[in-house]
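Open the model in your viewer and keep the selection panel at hand. The tour goes from the whole chain to single residues.

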Amino acid sequence: MRNVSSLALISLLGALLPVTLTACATEEDEDTALFESAFEDNAGGKEDGGCSGVVVPDRSGFGKHVALTFDDGPNPATTPKVIEILKRHHAPATFFNNGSRYAAAGAKELAARIAADPDYILANHSQHHLNLAEQTAAKVATEVDGTDALIRAAGETPKYFRFPFGSANCSAKTAVQDRGYIVTGWHIDSADWCFAAGGGTCKKSTFRYVPDEMRNDMQGYVMSQVRSTNGGIILFHDIHQSTADHLDAILTAMEHDGFSFVRLDDTTVFPKLHGKAPATTKFIGDTCTTNADCNFTGGHCHAAGFCTQACAGTCPDASGKAPTFCIADEAMANTGMCVSKPTTGNGECHAIPNTENRIEARFIGTSSSSPASANVCAPL
Ligand SMILES: [Zn+2]
């Protein structure tokens, strides 16, 4: 079965991309350079992404939410298997299609099926998967518009565009945005293209950023990446049989780790991508009514009505917020809690409910902090 699919894929590629087969080494080298540069753009990720086609303006705060994306399809030999696995996991996904693929038998029907399914978003990945940073303005336009028309014919109004290899420049990015598209990069490259190219081994010469101990372990690599970003947008390719073969285990591992799957158009997880301001994050000393209000790591709502977190010796500070101090938690023995110091910003504690400005000793607990005391906003 697997051989049949591989043969079908090879003949499909042969029909669509004869250049790939005759100039394999050159194409692979270029893919390597472009994907490595996309990885580096993300590692150094500027907040607003600038003219990058890969940097997503939302850089953190994903709360273990993952948006799955699949590029370069549709491929009638492998995409249906990917969809079957997504259904099993009740996972929404976005498919960034190349219009040139629609010539294959069954591909248009597959695109229409994706467009009709409310779990999926059909998105534009250009017509021929060229490096659009190196094309003329006229070529960029036809590459975008060709696939735009095909997606509309499939029954969906396209909203998201992803540059092939995440490679863009300012004029190409502007051209895409002027057509009403949201340029969509990724946070995590699954490197499935690299594992596929090496028959299950991602070679260092193909993609150097996969650690050596994970060169035969796509699942391990994907999990290490998704843990390091705590979620975000992840890039796969639904054209590879090996991606379809590993997807079930990868999604299961993510679920086991507490990750859940969200749509790309989830504006609470990706607000900046959609031009919205992120929801303000509460911090120690901010007012609250429930624990959920205190949406920072370790945060919970003190009975007095302000956000706090457990501590021993020291507490974190945040820019734009009052400095903090660790004092004994009167409600729990041998436990410290973080409180704000009085500032003009919190009205010398008057803005923090049920607290007063008084001197308290530092709670040291098991820490190596030195004894100290400070004026703090302590519960009444
Ligand atoms: Zn692609």
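What share of the contacts in the protein with a separation of 6 or more comes from residues 24 or more positions apart? They account for 66% of those contacts. Two residues are in contact if their C-beta atoms, placed from the backbone, lie within 7 Å.

Two notes before you select anything. Residues are numbered from 1 along each chain as its sequence is written. This is a predicted model: local features need pLDDT of at least 70, side-chain atom pairs count only at pLDDT 80 or more, and totals for chains, interfaces and linings use all residues.

**Whole chain**

Show the C-alpha trace. Along its principal axes it spans about 80 × 45 × 35 Å. The protein has 10 helices and 15 strands. These are DSSP runs numbered from the N terminus: helices are H or I with at least four residues, strands are E with at least two. Of the 380 residues, 42% count as buried. Buried means that 20 or more other C-beta atoms lie within 10 Å of the residue's own; 12 or fewer is exposed, and in between is partly exposed, with C-beta atoms placed from the backbone.

Colour by domain. Domain 1 is 2–274 and domain 2 is 291–379; such bounds come from an automatic or database domain assignment. The two centres, taken over C-alpha atoms, are 45 Å apart.

Select 65–71. This is strand 1, and six of its seven residues are buried.

- Strand 7 (232–237): parallel to strand 1, over six bridges. Phe70 stands opposite Phe236.
- Strand 8 (260–261): parallel to strand 1, over two bridges. Val66 stands opposite Phe261.
- Strand 2: parallel to strand 1, over four bridges. Leu68 stands opposite Ala93.

Follow the chain from strand 1 through helix 4 to strand 2: this β-α-β crossover is right-handed. That is, with the strands pointing away from the viewer, the path from the first strand over the helix to the second runs clockwise.

**Loops on either side of strand 1**

Select Lys64, in the loop between helix 3 (24–43) and strand 1. Its phi is positive, about 65°, although it is not a glycine. Lys64 has 16 C-beta neighbours inside 10 Å, so it counts as partly exposed.

Go to Asp72, in the loop between strand 1 and helix 4. Asp72 also is not a glycine, and its phi is positive, near 80°. Asp72 counts as buried because it has 22 C-beta neighbours inside 10 Å.

Pro74 lies in the loop between strand 1 and helix 4. Check the peptide bond between Gly73 and Pro74: it is cis, with omega about 0°.

**Helix 5**

Select 107–116. In this helix, Ala107, Leu110, Ala111, Ile114 and Ala115 are buried. They lie on the same side of helix 5 because they cover an arc of only 140° around the axis, counted from the directions from the helix axis to the C-beta atoms. Show what they pack against: helix 4 (79–88), strand 2 (93–97), strand 3 (120–124) and helix 6 (137–154).

Finally, select strands 11, 12 and 13. They form an open sheet in the order 11-13-12, with antiparallel pairing. Strand 11 (310–311) and strand 12 (324–328) each have a single partner strand, so one side of each is left without a neighbour in the sheet. Two bridges join strand 11 to strand 13 (336–340). Pick Ala310 to end: its bridge partner in strand 13 is Met337.

Definitions and conventions: Pairing = 2+ DSSP bridges.
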